[in-house]
Amino acid sequence: MTDKLVTFEVNGQELQAEAGSMLIEATDAAGINIPRFCYHKKLSIAANCRMCLVEVEKVPKPLPACATPVTEGMKVYTRSPKALAAQKGTMEFLLINHPLDCPICDQGGECELQDVAIGYGRDVSRYSEGKRVVADKNIGPLIATDMTRCIHCTRCVRFGEEIAGIREMGATGRGEHMVIGTYIEKSVDSEMSGNIIDLCPVGALTSKPFRFNARAWELTQVEAIAPHDSLGSNLNLHLRGNKVMRVHPKDNESINETWISDRDRFSYEGLYSSDRLTSPMVKKGGEWKEVSWEMALEMAAASLKEIGDGDQIGTLISPTSTLEELYLAQKLMRGLGCNNIDSRLRQGDFRMDATQNSVHWLGSTLSDMDQMQTVFVVGGNIRKEQPILAHRLRKAALNGAKLHYLNPIQIDLNHSGEQDICTPGEMAGRLAAVAKAAGVKASGGAASLLNAAQADESAKQTAANLKAADGALVMLGAMAQAHPDYALLHTIAAALAEATGAQLSILPASANSVGAQLAGAVPHLQAGGSVADHAGLDTLQMLKMPRKGYLLLGVEPGRDFWNGSLSMSALQSADLVVAISAFRSPELEECADILLPMAIFTETSGTYVNAEGRWQQSRGVVRPQGESRPGWKILRVLGNLTDQAGFDYTDSQQIHDEIHQLCESATLDNKQAAPQNLEPQLSADGLLRGGDTPLYACDPLVRRATALQQTQDAGSDTIRLHPEEAARLGLDGSDTALVKQNGNQIDLPLQLDERIPQGCVWISTSLARTSTLGQPFGEVTVEKA
């Protein structure tokens, strides 16, 4: 395709388009409708449905508009007798085998085949023979199939191959015996699989959780922002009455294009979990009692004030909270003299806080990710952390970018890339080898590691590719940020980026990880992103040195923390725990003294600041369940009851405007001075645990989405060992094993996995049983159960 414009006519209307672009693209831009089924703007051209046949002057037969390039002077007719005859003939053939079951089809009312049949179909079929029937396939808990309805457009097949990067769907057979299905009866496991529901033009692929729950014409569509990962994907929520019935993507080319991840699509099921907290509760004599809002708020405010010393209070906030909730929580607690405020619940090393004077962010715009020439990901499985970002990195790889990974586990890539696999204790040394190959001098906090590093061919190649690229990125992922030596990894990565001319990227983990820094919901920064006058304790310090009281906002003890066992013991030892939460988990009931029910993202207005620093507002679209209230309203009342000034807000927009004004001079910058004399905190010797947070275990809402919890990406409470490591430990042939960490022990099923490096045992975090162990990286022992 070139920048040269050509002039042509469609139905007598003169149009211009780039030479080489397809006719259907030009007519779409001009608002001229041409029917189609197989064409999609984000997929390759298949031209197999033939519905878009049009007449082109001086061409004897109709041509498919989706596969016909525009040329200078061409004349096209989309409604001529020849074009209409071709389109109506195609429609008649499509309907030969299509079942007449629109009344019971979930696609009814929004079906592309229905819409086109009205304009191009016959009112009586001339086909009297028997129709084909295709047996339905079970392809997992997310997508329902009725393949008799399939019209072989192959959109789902092309999506898997071109967008998801996993060809899970394919075609077998020929002619009318052709069947779309999965390979050898396997399930569809892509983290973006739900998009084929939107792509399917008929009712062959529909949402299994939504099946038979509502009709399209009963639904109202409203906009929202995804509250899970840091991209802030744009959503369309479909409501019936006061209930969210399903979630679809809203097009935003600069963020999520036209896709969303399955986590954003299906997590709405958690809104209606049986353990929603719907009324204020207090613990009396070890039993929970429902009380009025007035009593609960007065008790919470009085109890917090009664502690007296603000330093004896800890404030732990979920980074999925809205910006307004984050801001008011820190404002409330700082007003009580408490600077112990943190939202980085899964971070394992906070030594960089002392020198941070700006807000950490992605380091690039999302749209620029597609154009990167080299990306070096340290401690990150982006597909299973931020699926839409992984899609953009895949696009870069398809454009010729070099992708390199340094991880404590071999990950499943859906694009070409080089992986360097080592134990968690060796990660800093391997990263130092790449930095040394790039010419980084042995100085500063990581001098000893750089001196000892030996650059192998892999390290040299990574460094060379970073230097040679016009656009390069060194990215620290979730596993790097959870590493006990994150400060070392950050310091070396920053030096590597500077030496090679690359950008340093610190991948924010959650919907408001950037917003939390801007709101002052971290101990070393105050509202506006500037350095705090008096830095408080970080999450780990608050748990290792238990406080007398805690305020929890949207947090579940055990499951949401770097060290679940430590969080439980610290909170259980406190005199007071006030929890503002949407759910009643057993762990929360065990630790808390006062429970205040909070509205979830669909029930409250608020702002999310995504990884690139973009502010996006969302509004409450359904009423809060029971007596739950928006978090900002709860915090506003607590501010008033604790006699603080500046809490007289009447709506969330006032809070937004106040934060926005404070952030006018805020800077997003990952560069900072490295602390001196950084020593490794994780030994490279012995058997070390490695662990990730599974995609569908990341926050309370996702953990309650029933369909997502039935998928592979929900994670499993298992011990994964390399077969040779299992043999060395005498565990070959065992079904279970006993793992010990930090004085805690549990027996778990044993799974042999060659992707785990020797010297490492892999146990995922944030799961029901593994959360009782300890941090995701540390020394462990494994023995026969």
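V739 is found in strand β29 (residues 736-741); helices (H or I, at least four residues) and strands (E, at least two) are DSSP runs, numbered from the N terminus. The model is a predicted one, in which local features need pLDDT of at least 70 and side-chain atom pairs count only at pLDDT 80 or more, while totals for chains, interfaces and linings use all residues. Residues are numbered from 1 along each chain as its sequence is written, and side-chain values use heavy atoms, with hydrogens and water left out.

V739 has a relative accessibility of 0% and therefore counts as buried. The term buried stands for under 20% relative accessible area, exposed for over 50%, and partly exposed for values in between (1.4 Å probe, protein chains only). Residues up to four places away in sequence aside, V739 touches I719, N744, Q745, I746, L748, I763, L773, V780, T781 and V782, where contact means heavy atoms within 4.5 Å. Q710 is 29 residues from V739 along the chain, and the C-alpha atoms of the two are separated by 25 Å.

In helix α18 (residues 564-573), seven of the 10 residues are buried, so the helix is mostly covered. These buried residues are G564, S565, L566, S567, M568, A570 and L571. They pack against α17 (539-544), β22 (549-553), β23 (576-581), α19 (586-591) and β30 (744-752). At the start of α18, the backbone nitrogen of S565 has a side-chain oxygen of N563 within 3.3 Å. Helix α15 (residues 486-500) contains H490, which is buried at a relative accessible area of 1%. Apart from residues up to four places away in sequence, H490 touches M352, H360, L476, L504, I506, N670 and Q672.

The domain assignment divides the protein chain into domain 1 (5-96), domain 2 (128-270), domain 3 (281-356 + 511-663), domain 4 (366-506) and domain 5 (688-784). Such bounds come from an automatic or database domain assignment. Between the C-alpha centres of domain 2 and domain 4 the distance is 34 Å. Domain 2 brings 22 residues to the contact and domain 4 brings 16 residues. The area buried between these two domains is about 1500 Å², with 49% of it given by carbon and sulfur atoms. Buried area is the accessible area (1.4 Å probe) that two parts lose on being put together, summed over both. Of the area that domain 2 buries against domain 4, E191, L231 and E257 supply 36%, more than any other three residues.

On the side of domain 2 that touches domain 4, helix α4 (residues 155-164) gives the most, with four residues. By class, that side has eight nonpolar, six polar and eight charged residues. Nonpolar here covers Ala, Val, Leu, Ile, Met, Phe, Trp, Tyr, Cys and Pro, charged covers Asp, Glu, Lys and Arg, and polar covers the others, Gly among them.

Four salt bridges were found across the interface of domain 2 and domain 4. A salt bridge is a side-chain nitrogen of Lys or Arg within 4 Å of a carboxyl oxygen of Asp or Glu. R383 and E191 form a salt bridge through their side chains (2.8 Å, N to O). In the salt bridge of E257 with K395, the closest N and O atoms are 2.9 Å apart. This pair links distant parts of the chain, with E257 in the loop between β12 (243-249) and α6 (262-266) and K395 in helix α10 (residues 387-398), 138 residues apart. E257 is buried at 3% relative accessibility, whereas K395 is partly exposed at 24%. Both belong to a network of salt bridges that links K42, E253, E257, D370, R392 and K395.

The search of the whole structure gave 44 salt bridges. One of them joins D101 and R149, whose closest N and O atoms are 2.9 Å apart. D101 and R149 are both buried. Another salt bridge is formed by the side chains of R755 and D753 (3.2 Å, N to O). R755 is partly exposed at 25% relative accessibility, and D753 is buried with a relative accessible area of 9%.

Key: Polar contact = N/O pair within 3.5 Å; in protein donor to acceptor, adjacent residues only side chain to side chain.
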